[in-house]
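This report looks at a helix pair and at a set of annotated positions. Please keep the model at hand while reading.

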Amino acid sequence: MDDSNMQYVTSTSFLLVTYAKYLTSARMVVKCGGVVITPKRLRNVAKKQVDYLLGDNPQKMSYMVGYGAKYPQRIHHRGSSLPSVANHPAKIQCRDGFSVMSSQAPNPNVLVGAVVGGPDEHDRFPDQRSDYEQSEPATYINAPLVGTLTYLAHSFGQL
């Protein structure tokens, strides 16, 4: 797709690990077109998707803000892109917030853990605040990732 591709990565990964858990508890595998799909195989596909999101991709960029050496710096998020009250105690009026939209400066507040929309269909990510389709974080992107990461950490013996 051309926007918010990480929503598909996180949702699909969550579905894969959920089904892997079901197959494990039912002691089953699935045969699809002559291929045997095991819980381990589903976990590995989900993990590969999470690895992509966290930086194993053509951009070598983590699409989770604050994770890794290279991550989005100019996300489309008002609280992250405006100066903090400590640095700018005066009230910022609604219209005044738009002045930072086209700025190339990194966001002054790092929204650690937020997953942005991610790259386009050609793995391009411009890291521009104004490109909300790719640079905006959303709960529908982050929420399934929490379940996936929890499951993978447990499955790989980290919990």
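## Packing of α1 and α2

In this predicted model, the axes of helix α1 (residues 6-26) and helix α2 (residues 39-53) come within 8 Å and cross at roughly 160°, where axes are lines fitted to C-alpha atoms over the stretch in contact and angles run from 0 to 180 degrees between N-to-C directions. The two helices, α1 and α2, are therefore roughly antiparallel, a label used for angles over 145 degrees.

The contact (heavy atoms within 4.5 Å) involves, among others, V9, L16 and L23 of α1 together with L42, V45 and L53 of α2. Its residues divide into 13 nonpolar, four polar and one charged.

## Annotated active site

An unreviewed UniProt entry gives the annotation "active site" to H76, D127 and E136; such annotations may be inferred rather than shown by experiment. Although these positions are spread over 61 residues of sequence, they cluster in space, with a largest C-alpha distance of 10.0 Å.

H76 is placed in the loop between α2 and α3 (78-81), whereas E136 lies in the loop between α4 (132-135) and α5 (139-155). Leaving aside neighbours within four places in sequence, H76 is in contact with M101, R129, Y132, S135, E136 and P137, and the side chain of H76 reaches the backbone oxygen of R129 at 2.8 Å.

## Basis of the values

Residues are numbered from 1 along each chain as its sequence is written, and side-chain values use heavy atoms, with hydrogens and water left out. Local features need pLDDT of at least 70, side-chain atom pairs count only at pLDDT 80 or more, and totals for chains, interfaces and linings use all residues. Helices are DSSP runs (H or I, at least four residues), numbered from the N terminus.

Methods. Angles under 35 degrees count as roughly parallel, over 145 as roughly antiparallel, 65 to 115 as roughly perpendicular and the rest as oblique. Ala, Val, Leu, Ile, Met, Phe, Trp, Tyr, Cys and Pro count as nonpolar, Asp, Glu, Lys and Arg as charged, and the others, Gly among them, as polar. A polar contact is a pair of N or O atoms within 3.5 Å; within protein, one must be able to donate a hydrogen and the other to accept it, and residues adjacent in sequence count only if both atoms are side-chain atoms.
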